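Please read them with the coordinates open.

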Amino acid sequence: MKLFECQHCRQPLFFENDKCDSCGRRLGYIPELGTMSALEPDGNRWKALADQTNLYRFCANAEFDACNWLVLADSPETFCAACRHNRMIPDLSVPENVARWRKIETAKHRLFYTLVRLYLPRPTRTEEPESGLAFDFLQAAAPSKPVMTGHASGLITLSLSEADDSERERVRNVMEEPYRTLLGHFRHEIGHYYWDLLIRDAGGLDEFRRVFGDERDDYGAALKTHYEKGAPLNWPQSFVSSYASAHPWEDFAETWAHYFHMIDTLETAGAFGIHLRPKVAKSSDLTTTVDFDPHQASLERIIDAWLPLTFAMNSINRSMGQADLYPFTLGPGVIVKLAYVHERIRACIGDTPARDSAMRAVIAGLKRGAAQPVLEQ
């Protein structure tokens, strides 16, 4: 993610800020412009210092401190480009639910930042009732009836318990996972959604099967075998995680998630002007300057920067007594799969005119009506 600053006082800002800590101005994110803007009140609307043309208002979820994104003032939309995909949210009369839902929204908005930056299509359930992208954030009715995080026909379900840091860490240990975060869940599950959209529905199954294997293999049986017997001993050569070895669908979703990890982290590194030149004799493979936009770069350039960057980040974490920030290895087979994901995304948005068309569609989407999210009871 790139860095933001207050247009009034030049204070550096976090993506989640809704108020400048330096000058006190209200802040809002404009997804169509990809920028955080300082605001000036104009009645019940807002003038954005980053956009002198339009007036804005906040997403309805700003009422709960769950969103800082803006909507064009003359749009019929109640919710922003990220929140309008919510189909069901937790019961907000429970204070604990509000706190957890805010954490979920923080991760979800970071996901949507990347989706917008990549110009990926994001039809809502209003636009495509049977397969549009939607989210259910659910609380288990009882400990014996847990909510299963997953994806089905465009609907991504996330258990509210995943926003409980201690519970998520407990599950991570039980599942023997090196990494488990809310943002990681979103990036993984959205990979399943885009498999449907960019591969199955786009007629790309033959190429997919050559790279990932045959998705027609029994999914339930494959997961049962994985949990009973574990991953094959040589899985790091071909899979980005042990879970990716369970089935081609999971392999694609895990690879997709890691591609998102890479481009978002590299953009952040580039925004900070990171240059690596290790002071060791054999340092050529660990030297890099992150001075490019990973959303537009070749995969070769992404990989060439990613490997030394993660080595440095992991080394810094170890100096603090923390686990590796990126506890994964990209074997040759994984890089082939990352190249496939990279090309699928590029093929989806096409050339520059197509990207411009996609952005016009984003802006037009602000003017379409969308249903209110339903409170989970």
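1. Overall fold. This is a predicted model. The protein has 9 helices and 14 strands. Its radius of gyration is 21 Å, close to the 21 Å from the globule rule for 377 residues, so the protein is as compact as a globular protein of that length. Along the principal axes, the C-alpha atoms fill a box of roughly 65 × 55 × 45 Å.

2. Of the 377 residues, 47% are buried. Among contacts with a separation of 6 or more, 58% join residues 24 or more positions apart. The accessible surface comes to about 18,400 Å², and carbon and sulfur atoms hold 52% of that.

3. Aromatic pairs. The count is 30. One of them, Phe15 with Tyr29, is edge-to-face, at 5.0 Å centre to centre and 75° between the planes. Phe15 sits in the loop between β2 and β3, and Tyr29 in strand β3, so the pair ties together parts 14 residues apart in sequence. Both Phe15 and Tyr29 are buried.

4. A stacked pair. Phe208 and Phe212 stack at 5.0 Å centre to centre, with 15° between the planes. They are 4 residues apart in helix α4, about one helical turn. Phe208 is buried at 0% relative accessibility, and Phe212 is buried at 7%. Both belong to one aromatic cluster, whose members include Trp195, Trp249 and Tyr340.

5. Surface patch. Val174, Met175 and Tyr227 form a nonpolar patch with about 310 Å² of accessible area together. Met175 lies in the loop between α2 and α3. Its relative accessible area is 36%, so Met175 counts as partly exposed.

Conventions: Residues numbered from 1 in each chain as written. Predicted model: local features only at pLDDT ≥ 70, side-chain atom pairs only at ≥ 80, totals over all residues. Heavy atoms only, no water. Patch = residues over 30% accessible without salt bridge, like charges linked within 9 Å, V, L, I, M, F, W, Y side chains within 5 Å. Areas by Shrake-Rupley, 256 points an atom, 1.4 Å probe, with all protein chains shown as cover. Salt bridge = Lys/Arg side-chain N within 4 Å of Asp/Glu carboxyl O. Helix = DSSP H or I, 4+ residues; strand = E, 2+ residues; numbered from the N terminus. Buried < 20%, exposed > 50% of the residue type's maximum accessible area, 1.4 Å probe, protein only. Rg over C-alpha atoms; globule rule 2.2 N^0.38 Å. Contact = heavy atoms within 4.5 Å. Phe/Tyr/Trp six-rings, centres within 6.5 Å; stacked < 30°, edge-to-face > 60°.
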